[in-house]
Amino acid sequence: MSVVHHLPPGWLLDHLSFINKVNYELHQHQMPSCSKNNPTSSVYLDSRQMEAMSPFGAPAVGSAPDSTTVPGSGDGGSCEMITQKYVFRPELFNITKPHITSAVHKECQQSNNHENLVTGNKQEVSISIGKKRKRCLVFNQGELDAIEYHTKIRELILDGSSQLIQEGLKSGFLYPLVEKQDGNSGRIALPLDACSLSELCEMAKHLPALNEMELQTLRLPEDDVSVTELDLSSQVIENGASFSRTITLMGQKYLLPPESTFLLSDISCMQPLLNYGKTFDVIVIDPPWENKSVKRSNRYSCLSPQQIKQMPVPKLAAADCLVVTWVTNRQKHLCFVKEELYPSWSVEVVAEWYWVKITHSGEFVFPLDSPHKKPYECLVLGRVRGKAALALRNTDVEVPPVPDQKLIVSVPCVLHSHKPPLAEVLKDYIKPGGQCLELFARNLQPGWMSWGNEVLKFQHVDYFIALESGH
């Protein structure tokens, strides 16, 4: 379970546990050496029967054994089945100390009240500005709106987080910082982006266009674990098996969870998703909002609000669909979602939730009142209303209303924009067996359809550790 604690303020999540409970495992069929003419064993990857997963993370009982022996070659030998298990690299969640603001921003920092979430006490923290010339702070309207918004939700964030953190410390999931810990001061070596998925999508646009009738789903065959150099932008890829697979693109290997489906494309090539023939009961959206920091770093391409507005959400949404949109801490974007984007999709705003990012010791990753970066992000939740909204009401299924002002507290991943899983916290507000879709996804989930031009990004095998065979 990714939910460690569920209290009235919200949920304390374990993101790493959620990834690893998928239980990424493959089989290796290893043929023993039977003669001097065959000095090395031949190895090929095969799939392993896995725990069946529901879209909301409930595992089914039963799993395959760690190893078996199967008939081998015609020389009378045998083939040993060796399990290869993968787990997500734990150091990517090793956030033991708050992030340190870069020197570029230090001149803008002011003395602030720092809340100790463990004891509830307040202490004054004075930050030296140094020899640089002080800048006279003059806030523009957007900054003034952000300050006003922060003031309204500040106590909610502080009090709710404190309750969940206290519970996490009691249970041992969170732990006090040990002085001798190295913390996250060391640089973590991340995988090189040898295969740019977004560039691959761009290249695919220049391929000959397929007839719309040819845009069909590719279901990975039972006896195939590696699919190489597919025209992914024109097909929905479906791993309908209850075991993991690997897929190779441009020489890079990616792990596919069981019962996962995805389309690798950009916003101009979404027709295969529309042709898939399904509507969805929950749609989670993580738009690439326009952002000065992202533009400077060139991490990914941004979309304007009007481009986001053109997303075909109304065509993908089922009756009474729950739409969840991640929003940055810019009031301009929050107002756009609530006042323009959702109304254009016939979505009624029903709640605002907040993802609060903490360290393993229960501290905010940024000071709560930092004028630059906040330790929280907003989610806007809404329900599709209008043309077919009565469909659900005509059944015997009753879905409770979505509560407002809830917190999702977790230790974040060091990878940019690797959001915490929402499957288990949303399951009570979706009808049983509901179809789930994530737009602008960067990873896959069992039971979910995922779309985006970096949809396989965090499935790269280099983000995982291969355990010793037989683990």
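A cavity is a set of grid points where a 1.4 Å probe fits but cannot get out. In this predicted model, the count under that rule comes to three cavities of 30 Å³ or more. The volume of the largest cavity is about 280 Å³.

Its lining is made up of 27 residues, and those nearest the centre of the largest cavity are H15, H418, K419, N443 and Q445. Divided by class, the lining of the largest cavity holds 17 nonpolar, six polar and four charged residues. Helix α1, residues 15-20, gives the most to this lining, with three residues.

## The twelve-stranded sheet

Twelve strands form an open sheet with mixed pairing, in the order β1-β2-β19-β17-β18-β16-β15-β20-β21-β14-β11-β9. The edges are taken by β1 (3-7) and β9 (218-219); each has a single partner strand, so one side of each is left without a neighbour in the sheet. Strands of a sheet pair through backbone hydrogen bonds, in either a parallel or an antiparallel arrangement.

One pairing can be described in detail. Strand β11 (residues 237-239) and strand β14 (residues 260-264) run antiparallel and are joined by three bridges. Within this pairing, E238 stands opposite T261 in β14.

## Helix α9

Helix α9 covers residues 331-344, a run of 14 residues. From its first C-alpha to its last, α9 reaches 19 Å, close to the 20 Å expected at 1.5 Å a residue. The helix bends by about 45° at V337.

An α-helix has 3.6 residues a turn, so residues three or four places apart point the same way.

## Positive phi angles in loops

Most residues other than glycine have a negative phi. Two residues are described here with positive values. The phi of N23, a residue other than glycine, is near 65°. N23 lies in the loop between α1 and β3 (24-30). Its relative accessible area is 13%, and N23 is therefore buried, the cut-off for that class being under 20%.

E259, likewise a residue other than glycine, has a positive phi near 55°. The position of E259 is in the loop between β13 (252-256) and β14. At 30% relative accessibility, E259 counts as partly exposed, because that class lies between the buried limit of 20% and the exposed limit of 50%.

Terms used
Residues are numbered from 1 along each chain as its sequence is written. This is a predicted model: local features need pLDDT of at least 70, side-chain atom pairs count only at pLDDT 80 or more; totals for chains, interfaces and linings use all residues. Side-chain values use heavy atoms; hydrogens and water are left out. On a 1 Å grid over the protein atoms alone, a cavity is a set of points where a 1.4 Å probe fits but cannot get out, and a pocket is an open set with protein on both sides within 12 Å along at least five of seven lines; lining residues have an atom within 4 Å of a point. Grid points are joined across faces, edges and corners, and a volume is the space filled by probe spheres set on the points. Helices (H or I, at least four residues) and strands (E, at least two) are DSSP runs, numbered from the N terminus. Ala, Val, Leu, Ile, Met, Phe, Trp, Tyr, Cys and Pro count as nonpolar, Asp, Glu, Lys and Arg as charged, and the others, Gly among them, as polar. Two strands pair if DSSP finds at least two bridges between them. The expected span of a helix is 1.5 Å times one less than its number of residues. The bend at a residue is the angle between axes fitted to the seven residues ending there and the seven starting there. Buried means under 20% relative accessible area, exposed over 50%, partly exposed in between (1.4 Å probe, protein chains only).
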